[in-house]
2 protein chains.
Amino acid sequence: MADTEKYNQIKTEEIIDSLDKGQRYNFHNEFTDLHVYEQAEIFTTLDKEQRQRVYQYLTPKELSDTFDAIEDDPEEAVKYFDEMSLKYVAELLDNMYTDNEVDLLGQLDKHKLAKYLGLMDKDKANEIKALLHYEDKTAGAIMSTDFASIVSNQTVSSAMQVLREEAGNAETIYYDYVVNNDKRLLGIVTLRNLLMSDETALIGDIMTTPVMSVKADDDQEDVAKMIRDYNFLAMPVTNYDEQLIGVITVDDIIDVIDEESAEDYSGLAGVDTEEQTENPFKAASKRLPWLITLLFLGMSTASLVSHFEGLLSEASILAVFISLITGTAGNAGTQSLAVAVRRLAVKDDTEQSVVRLIISEVFTGLVIGVVTGIAVTLIVGIWKGNFVLGMVIGLAMMSAITVANLAGSFIPILMDKIGVDPAVASGPFISTLSDLTSVLIYFSIAQVFLKFFITS
Amino acid sequence: MADTEKYNQIKTEEIIDSLDKGQRYNFHNEFTDLHVYEQAEIFTTLDKEQRQRVYQYLTPKELSDTFDAIEDDPEEAVKYFDEMSLKYVAELLDNMYTDNEVDLLGQLDKHKLAKYLGLMDKDKANEIKALLHYEDKTAGAIMSTDFASIVSNQTVSSAMQVLREEAGNAETIYYDYVVNNDKRLLGIVTLRNLLMSDETALIGDIMTTPVMSVKADDDQEDVAKMIRDYNFLAMPVTNYDEQLIGVITVDDIIDVIDEESAEDYSGLAGVDTEEQTENPFKAASKRLPWLITLLFLGMSTASLVSHFEGLLSEASILAVFISLITGTAGNAGTQSLAVAVRRLAVKDDTEQSVVRLIISEVFTGLVIGVVTGIAVTLIVGIWKGNFVLGMVIGLAMMSAITVANLAGSFIPILMDKIGVDPAVASGPFISTLSDLTSVLIYFSIAQVFLKFFITS
């Protein structure tokens with residue numbers, strides 16, 4: 001792999017060199033020979049002057065392939081439009097796959113959008129407008145309308161002819177959907193099926209039916225789950241009249257899976273880990289809202305401790321173990337939270353199984369609490385030569401962990417029930433909340449046993 | 001989707017009903033009509049008696065499709081082998097895709113493995129042995145050897161004929177790899193290319209070259225990254241003689257992406273979130289090692305606070321803010337950690353950019369620290385009517401957050417450098433470690449300013 005990387009780097013340098021030297025022919029050949037992903041990687045590192053040359057050396061159709069691959073960051077991609085002529089942009093957009101085209105157009109302000117739509121033919125413009133309408137993160141928002149469809153009373157060889165003609169434009173020709181005259185989805189034939197069938201066979205006789213499909217307003221995560229479970233290469237999207245209106249391909253689903261798992265990960269840490277800015281002010285401004293919110297929760301804990309100041313001044317030893325108890329309970333609660341959130345993401349839970357999950361987490365907390373509680377009792381007892389104190393700490397730890405596990409499992413489930421994404425209940429939130437309950441438990445227990453462990 | 005679910009449930013009930021009633025013909029037709037994923041879902045819910053009927057009603061070849069789909073849990077899947085005759089198992093295995101077959105065989109003890117290998121023909125057995133040899137999580141461990149290959153001096157129509165013949169066995173015929181007489185990988189032709197080309201064209205003239213490939217011992221995560229970036233449907237695997245030895249398909253890569261992201265998520269929480277047991281003892285035993293380790297780190301913090309008991313008995317008010325400071329710093333450190341781990345996972349970082357990342361995180365911590373520090377100074381100053389105390393808390397919080405961000409970014413980078421997966425540096429670890437530094441910072445600052453804020 002290191003060899004490939006080095007090879008790629010040398011090639012990249014050569015291509016940029018041709019561009020700088022104005023070797024139009026060389027650049028054109030070398031650049032268009034690359035995989036579109038590599039084209040995008042190179043294009044996004046160019047400076048403005050170099051890009052201006054690219055717009056001269058490549059046709060809009062050629063550059064449209066590159067733009068199909070700058071899918072990760074549509075916000076950045078549309079900035080290049082300002083450097084191109086209106087006609088160049090219009091033609092470039094026209095040659096992109098509709099799903100990527102819509103991603104880019106969705107980034108523009110109304111004024112610019114209207115300008116580009118005005119340059120398209122009316123049918124295309126209406127189609128784009130309809131696609132722009134779908135809510136973010138739905139099947140409609142990620143589907144492509146560039147698909148090949150065949151009809152059931154066609155023969156295999158005539159269907160193959162349709163696919164040959166569509167092969168240049170369709171996102172996939174490996175999964176071919178069968179529709180009737182009303183464009184209603186009837187079945188599916190894979191190209192593999194077609195190859196294995198007799199040329200004179202009728203599509204209607206070899207198609208698989210019923211075919212699984214999704215609705216345009218289905219959640220993209222559900223589509224991802226189906227494609228993953230069934231190992232499909234594509235999934236058809238229908239409207240409420242069961243008409244085929246789009247196709248979602250597996251490469252787009254991989255991006256969805258990546259996006260969703262990055263969200264889960266970010267949620268757990270209480271920070272958008274995809275932010276990736278090196279500007280500390282920008283980074284801080286994104287992280288502060290969550291931290292300030294938790295700071296207020298932390299102030300409640302402080303004010304609770306404040307109520308126990310009398311106890312603390314009598315037994316300052318109690319302060320020694322505050323962070324031990326809050327820390328361990330917070331860690332256990334975070335584990336519970338992560339298990340519960342994943343479970344909610346993976347399974348379709350019933351009321352019953354959700355209750356079982358909470359009970360299981362609370363009992364797990366109890367077992368963990370008993371083990372760590374006994375360990376702490378012994379350690380503190382020996383260290384401070386005071387087993388009553390040890391027992392207070394141990395008992396507090398056991399109770400605090402059990403409560404933290406209850407919170408860690410109950411809160412995401414509650415959020416899921418009321419329709420909030422449970423991934424928002426971050427580790428920091430659970431551990432800050434558990435600080436509050438842990439301190440309350442700790443000092444309440446200490447208060448009860450105060451006269452038994454104070455030796456002075 | 002709800003409709004589909006209901007429909008599926010009714011169908012499932014009907015199929016199980018046919019099985020229970022011994023309606024061999026009905027069951028056979030209905031079951032084999034299902035998608036293999038659904039077959040697997042149903043099969044794994046059956047009881048032993050029902051399964052025995054399945055072994056009678058389905059041929060090993062038919063059931064092999066079902067077993068291809070029980071890929072998530074090979075450990076469970078091999079348990080069914082004990083219920084089947086030796087010959088049934090051998091034939092079932094023989095009809096599975098090699099990658100799944102190897103997954104199952106890898107679960108068996110040596111004795112059983114030898115028994116099944118003995119029933120295969122010698123070439124196949126040797127191939128399986130070679131595949132079993134690849135280390136977990138490498139390209140070799142997930143590749144399949146069921147691929148179609150074509151040669152460069154073939155015409156398009158003769159290549160199509162090869163694919164027609166292979167279509168029943170190969171994992172994919174949509175990506176076709178071109179090899180020379182020594183089986184060395186020369187190029188790739190997609191089925192789409194074939195369809196769009198003239199029937200008499202030579203493969204050598206239409207193939208894409210050079211073709212990207214991976215080595216059998218490459219990390220599966222690197223393969224996933226390439227397939228994701230390039231939107232490939234498959235990736236060829238070669239040995240060190242550049243001979244084509246296997247193919248990895250996109251559906252297996254989706255499983256890899258899922259597995260790796262679950263690992264990252266689990267790492268951040270310090271718990272294996274895929275465990276999903278409802279037995280509290282089992283769950284506790286998996287979570288305790290990490291918690292006990294952190295408990296000892298927490299005991300160091302307690303022993304540090306213990307050194308400051310004199311200070312605490314003079315100013316018990318200090319105890320009020322321990323959890324506020326440790327909690328906020330821990331939260332900020334967890335954010336830093338998550339950002340750093342993701343950054344390491346996504347980018348190939350240079351020495352320089354890694355240093356920049358740490359500097360950026362420390363400055364972000366400083367900015368966050370100044371903002372929260374000022375907020376806390378004012379809140380505590382007003383609340384307790386003591387602005388010197390407020391300033392001590394604010395200053396401690398600012399320093400503690402900056403240090404937590406340093407630890408949160410530096411530690412995963414250090415781990416990455418020494419070859420440990422940075423995902424192991426969990427949120428709980430960083431927040432427990434940051435408890436220690438926060439407490440040290442807090443009491444040191446308090447000690448210096450003690451005489452200014454003690455009012456009594």
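Tutor: In chain A, three strands make up an open sheet with mixed pairing, in the order 4-5-6. Strand 4 (214–215) and strand 6 (244–249) of chain A are at the edges with a single partner strand each, so one side of each has no neighbour in the sheet. Strands here are DSSP runs of E with at least two residues, helices are runs of H or I with at least four, and both are numbered from the N terminus; two strands pair if DSSP finds at least two bridges between them. In general, strands of a sheet pair through backbone hydrogen bonds, either parallel or antiparallel.

Before going on, please keep in mind that this is a predicted model: local features need pLDDT of at least 70, side-chain atom pairs count only at pLDDT 80 or more, and totals for chains, interfaces and linings use all residues. Residues are numbered from 1 along each chain as its sequence is written, chains are lettered from A and ligands numbered from 1 in the order in which they are written, and side-chain values use heavy atoms, leaving out hydrogens and water.

Now to the pairing itself. Two bridges join strand 4 of chain A to strand 5 (residues 234–238) of chain A in the parallel sense. If you click on Val214(A), look for its bridge partner in strand 5 of chain A, Val237(A).

Next, find helix 15 (residues 220–230) of chain A, which lies across strand 4, strand 5 and strand 6 of chain A. Helix 15 of chain A runs at about 140° to strand 5 of chain A; axes are lines fitted to C-alpha atoms, for helices over the stretch in contact (heavy atoms within 4.5 Å), and angles run from 0 to 180 degrees between N-to-C directions.

Zooming out, chain A has 23 helices and six strands. Its C-alpha trace spans about 95 × 60 × 45 Å along the principal axes of chain A. Of the 456 residues of chain A, 55% count as buried, meaning under 20% relative accessible area (1.4 Å probe, protein chains only). Among contacts in chain A between residues at least 6 apart in sequence, 67% join residues at least 24 apart.

Notes:
Buried < 20%, exposed > 50% of the residue type's maximum accessible area, 1.4 Å probe, protein only.
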